[in-house]
Amino acid sequence: MPVTALNTKVVHAVCTHDCPDSCGVLVTVDKLTGRATKVQGDPAHPVTRGFLCGKVARYLDRVYSPERLLYPMRRKPGVPKGPLPQGREAEAFERISWDEALGLIAHRLQAIANEFGSESILPYSYAGTIGQLGYGSMDRRFFHRLGASQLDRTICSSAGGEALLRVYGVKLGTPPQDFAYAGLIVVWGGNVHGNNIHLWPFIEEARRKGAKLIVIDPYKTRTAALADEHLAINPGTDVLLALAVMHVIFRDGLEDVAYLRECTTGWEELRTHALREEHSPARAEGITGIAVEAIERLATAYGRAGSDGRGPAAIRLNYGIQRGEAGGTAARIVAMLPLLTGSWKQRGGGMQLSTSGSFPWNTAKLHMPELMKASPLGRAARVINMNTLGHALTELGNAADEVPVKALFVYNCNAAAVAPDSNRVLEGLRRDDLFTVVHEQFFTDTTDYADVVLPATTFLEAKDVMGAYGHLIAQISEQAIAPLGEARSNVELFSELGRRMGFTEAAFNDDADALIAQTMDTPHPFFAGITKERLEREKHIPLTLPVNAAGEALPFSDASWFRTASGKGELLPLPEFVMPAESRGGTASRKFPLEFLPRKADNYMNTTFANIPVHQQMERRTEGMLEMHATDAAARGIANGDAVSIWNDRGRITLTALIGTNGDAKVAAGVVAARLDWQKLARDGNNVNALTSQALTDFGGGATFYSTLVEVKKVAGVAAD
Ligand SMILES: Nc1nc2c(c(=O)[nH]1)N[C@H]1C(S)=C(S)[C@@H](COP(=O)(O)OP(=O)(O)OC[C@H]3O[C@@H](n4cnc5c(=O)[nH]c(N)nc54)[C@H](O)[C@@H]3O)O[C@H]1N2
Ligand SMILES: Nc1nc2c(c(=O)[nH]1)N[C@H]1C(S)=C(S)[C@@H](COP(=O)(O)OP(=O)(O)OC[C@H]3O[C@@H](n4cnc5c(=O)[nH]c(N)nc54)[C@H](O)[C@@H]3O)O[C@H]1N2
Ligand code: SF4
Ligand SMILES: [Mo]
């Protein structure tokens, strides 16, 4: 702990934003004013190592922003739902007390449940906070007891998560610190520099020792630009690239037969499958867009790593790979690669997609699904996939036997901006007969459609407990400052609302401390010796993973680690390459010839920070821009700086062309890219999700943001911004 001045204290919090790094954050608080004066990365945290990303380094600008939502509000009578100018949203609402707000919400939810059945109420949340309590605890209890529809939270990682479960039976992977020991690092569908910055120092450490970095990404991210080699793959073709890599590995005898025998099932079938001619590098070249030589180089480097005195190969597989129609299989096959070479056996080998499943939280105790039985429904409620929100709000209920959605309760989520096919979503949100409540830290695109807006705390203002999806260290996040204004945490909101609804179960009285104790109540060995009390003393504690004779915890280094039905790494069914229907090689439409990447911003967190001026400044280069290759621009008579219209059957947006030629192009010909922003900050009130679809991944029910075809043309007579 740093030395503190007399009138300040330093509190250990955790950044609860939806980021793999889950940083330990030291918050300096002025004891006299109660105000936070500084945030810094915890130097004692083995992954945070004393620094924060650019976004959160400036977090106090967000916490103390003059635009923070501080009081409950209700839409003024007669004000229609729809976009409000940023900074002037409050004019559409009138302030009410928490007591009035809770009374109003309880009354409306009850009336709607009585008239249409409790399943006509839909909670809609994602990952505004990924704290155990903030992400899902009292809210789940509340909606279960109410008998509301269940939400399948699929917008981010469900296809990749399911892929890991199919191959390994558990979401576990190489700890970030071990990447420092790798001899080859392959970043596959991930943007480490933008989205996962605390992995970068370990990659750099490995590179100083001679490791090579290869990045596989259709977009030239900062990570790709800094790599030894960037393979600009055609979107959605990773399955074929991975099959070609396997082809070379088996062809050249680079597989680890002893490991395959001991730790996997189905490898001989996979070998035959991979060796088929259609999976050769020569055949993959045309479809993946990666030259035969580059595929051979990748496969050989991968297959030989670990045998030349340098470290083994580590793959940082990330969720970018599974945001397309073939995303489940893509994540599944890349996750199989370390099983072929047995790279798990060496420190610095293996693969990381998500480590979230390593934390054995007792979510059953937190969520209490049994409360659905006590609801008026008396059974498990129907499940709605969150990627189909547009459908749920505009079409569900058209058939006589379907329950429509009549109330939407949004928290931890900027649904109007992040959900795919947003024109359908906005059409639904605009309905007068939809009662919408939004619990938020700011006015957003979503609060523009709310009947009632409730103020939420930031991670400085509430206590929580955290795991991570990019490391293996449990942490306590202490409350550093009092809630601003009348903000309440998700736990407080849903516990009060539960009582207001007349739910008498004691479970609605649990506070943060009780909930933390419950979610940590598990006999699982990974939590052996890790208690709430110890976390409160030490702040961050690595999971108790089993170690080998050398004292190293090496996931999947032997068969004891697998949690599949067979107890081994499962390579069947054979992964087949299926061209995404909505891709240049696909069958969906010949009308729209360009593949569109609706990307994340390096300095926002999805749409969080998009309204903060210092963060906007950091994102200026791509603000309102469509990045395209000179070839595609020339073919359409588009010059740099021209206003361009981008459209498909789902929607249309206007951006400014940012054209790259070979050296400085971020995308290859045939691919265009733009980034996510708030709808209302976009040029004609529509962000990139006006173009994305509600189609789901091959398995796992995931979103398919990166399977989007568009056409682009110059907007005649409209000057560029
Ligand atoms: N700065 C910042 N950090 C973030 C976020 C943010 O918005 N901003 N978001 C957070 C969240 S919610 C998540 S889930 C994580 C996600 O982090 P990542 O998993 O890194 O997710 P993406 O940025 O969606 O995708 C990574 C890369 O995949 C590429 N990609 C797209 N299609 C394909 C394909 O078909 N094949 C391959 N090989 N690559 C493809 C994209 O161009 C992109 O550069 O990051 C978190 N961290
Ligand atoms: N085009 C396109 N669309 C995407 C993506 C993409 O890459 N491209 N990424 C997808 C992915 S991976 C994800 S994870 C989703 C993310 O979608 P969301 O989870 O909706 O992410 P954000 O846009 O960051 O919005 C989160 C909101 O939660 C609020 N919030 C934060 N903490 C709290 C809290 O404690 N309580 C309450 N009530 N609210 C809080 C924040 O103020 C913020 O407005 O977006 C998806 N949509
Ligand atoms: S957003 Fe990620 S990198 Fe930034 S402080 Fe939070 S956890 Fe750390
Ligand atoms: Mo995400």
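User: Which polar backbone atom is 3.0 Å from an oxygen atom of ligand 2?

Analyst: First, some ground rules. This is a predicted model, where local features need pLDDT of at least 70 and side-chain atom pairs count only at pLDDT 80 or more, while totals for chains, interfaces and linings use all residues. Residues are numbered from 1 along each chain as its sequence is written, chains are lettered from A and ligands numbered from 1 in the order in which they are written, and side-chain values use heavy atoms, with hydrogens and water left out.

Now the general idea. A polar contact is a pair of N or O atoms within 3.5 Å; within protein, one must be able to donate a hydrogen and the other to accept it, and residues adjacent in sequence count only if both atoms are side-chain atoms. Here, the atom belongs to the backbone of Met605. An oxygen atom of ligand 2 is also 2.5 Å from an N or O atom in the side chain of Thr607. A nitrogen atom of the ligand is 3.5 Å from a polar backbone atom of Gly128. Of the 920 Å² of accessible area that ligand 2 has on its own, the protein covers 97%. Such areas come from the Shrake-Rupley method with a 1.4 Å probe; for residues, only the protein chains shown count as cover.

User: Which residues come nearest to ligand 2?

Analyst: A residue is near a molecule or strand if one of its heavy atoms lies within 4 Å of it. Around ligand 2 there are 31 residues, and Glu440, Asn490, Pro598, Thr607 and Thr608 come nearest. At least three residues of the shell come from each of domain 1 (73–155 + 366–459 + 484–507) and domain 3 (587–714). Domain bounds come from an automatic or database domain assignment.

User: And ligand 1: which residues are closest?

Analyst: Asp217, Asp238, Asp602, Tyr604 and Asn606 are the closest of 32 surrounding residues. A polar side-chain atom of Asn195 lies 2.8 Å from an oxygen atom of ligand 1. For Asn318, a polar side-chain atom lies 2.9 Å from an oxygen atom of the ligand. The protein buries 98% of the 900 Å² that ligand 1 exposes taken alone.

User: What is the phi of Asn606?

Analyst: Most residues other than glycine have a negative phi, and most peptide bonds are trans. Asn606 has a positive phi of about 50°. Asn606 sits in the loop between β22 and α23 (613–618). Helices (H or I, at least four residues) and strands (E, at least two) are DSSP runs, numbered from the N terminus. Asp421 also has a positive phi, near 55°. Its loop runs between α18 (415–418) and α19 (422–429).

User: Are Asp421 and Asn606 buried or partly exposed?

Analyst: Buried means under 20% relative accessible area, exposed over 50%, partly exposed in between (1.4 Å probe, protein chains only). Asp421 is buried at 6%. Asn606, at 22%, is partly exposed.

User: Where is there a cis peptide bond?

Analyst: Leu572 and Pro573 are joined by one, with omega about -5°. Pro573 lies in the loop between β21 (569–570) and β22 (594–599).

User: Why is strand β24 largely enclosed?

Analyst: Six of the six residues of β24 (643–648) are buried, so the rest of the structure largely encloses the strand. Ala643, Ser645 and Trp647 lie on one side, and Val644, Ile646 and Asn648 on the other.

User: Which strands pair with β24?

Analyst: Two strands pair if DSSP finds at least two bridges between them. Six bridges join β24 to β25 (651–660), antiparallel. The two form a hairpin with two residues between them. Four bridges join β24 to β27 (709–714), also antiparallel. There, Val644 has Lys714 as its bridge partner.
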